[in-house]
Amino acid sequence: MKRTKEYLLITIGSILVAFSVQVFFIPNGIAPGGVSGMALVLNLVVPGIPVSVLVMGLNGIFFGLGFLVLGGGFGVKTLYASALVSAAMWVIETFLSIGQPTGDLMLSTAMGILLLGAGIGIVFNQDASTGGTDIIAKIISKFTGMTPGSALVLIDLAVVVMIALNFGLERGLYGILGAILNGVVINRIVEGFNSQKQVFVITRDREKVRGFIVGRLDRGATIFTGEGAYTGEKSYMIYCVLSTREFVVLKQFLRDQVPDAFVTVGTAAEVLGKGFSSPKVKGNSGEVNA
């Protein structure tokens, strides 16, 4: 089920990328960098070859590099995503008479970036790439700690310069705007998926809650001893950091098994530590001595 979900999300993201490029960018001579921008420039040199075919060829080159540096797991999913992007572009180009929805460059850039950034962000979160310069961005992110969106901006700005030289300064400026906004959208999508829940549970039934978090969710927790200000009774505050899915499971457990528990929840934009920024170690994720 996990693998099916991953490939379903990769499929959705790849189709969004193909649609944005083929419908909003190529008809208006705009490209916010990326392999599609390279293909547009190459199309001037070899006009007889469709842009979708050029994209597939360039993706093959970058895919080989990504496979060597990032490993086979990344390579298989990226091969699927990049092939799907090229195939979807070819289908749209050949069989779907969508035409040019708008000749307004600003509107085309805005709509294209929303779809492109969302699609790439969805694919990135499955530890894959849609190919092309996305692969280079993942490599830079792996070795420098730079976010994928920021790395992509730097790479794509260089590609946009080629667009400006061949399609005019106005298209180049829209391409620069698109490259910057594309990085912002990707980062927002990635951060949205990676945000975690900070959960505080106040209860007298410490062992039942602790056992569920450690045993069922395979997460660590920190337990504080407290005293009720009104009743003076001894109680425990259990602190843990969970994914949204894990929190939903914990919430249902508390409703059914510990209905008198008092729970507060916050959102953490970023979490560093075992189980989050590094491989999870069973029984110790998010646990500190206190």
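## Basis of the model

Residues are numbered from 1 along each chain as its sequence is written. In this predicted model local features need pLDDT of at least 70, side-chain atom pairs count only at pLDDT 80 or more, and totals for chains, interfaces and linings use all residues, while side-chain values use heavy atoms, with hydrogens and water left out.

## Helices α1 and α5

Helix α1 (residues 2-25) packs with helix α5 (residues 105-124) at an angle of about 160°, and their axes are 7 Å apart. Helices here are DSSP runs of H or I with at least four residues, and strands are runs of E with at least two; axes are lines fitted to C-alpha atoms, for helices over the stretch in contact, with angles from 0 to 180 degrees between N-to-C directions. The pair is therefore roughly antiparallel, a term for angles over 145 degrees.

## The nonpolar cores

A nonpolar core is a set of buried (under 20% relative accessible area, 1.4 Å probe, protein chains only) Ala, Val, Leu, Ile, Met, Phe, Trp, Tyr and Cys residues joined through side-chain atoms within 4.5 Å. The largest has 40 residues, and those with the most contacts inside it are Val51, Met89, Leu116 and Ile120; α3 (51-70) gives the most to this core, with seven residues. A second, separate core of 16 residues includes Phe212, Ile238, Phe247 and Ala261.

## Valine 201

Valine 201 lies in strand β1 (residues 196-203) and is buried, with a relative accessible area of 0%. Leaving aside residues up to four places away in sequence, valine 201 touches Val209, Tyr236, Met237, Ile238, Leu254, Ala261, Phe262 and Val263, where contact means heavy atoms within 4.5 Å.

Terms used: Parallel < 35°, antiparallel > 145°, perpendicular 65-115°, else oblique. Buried < 20%, exposed > 50% of the residue type's maximum accessible area, 1.4 Å probe, protein only.
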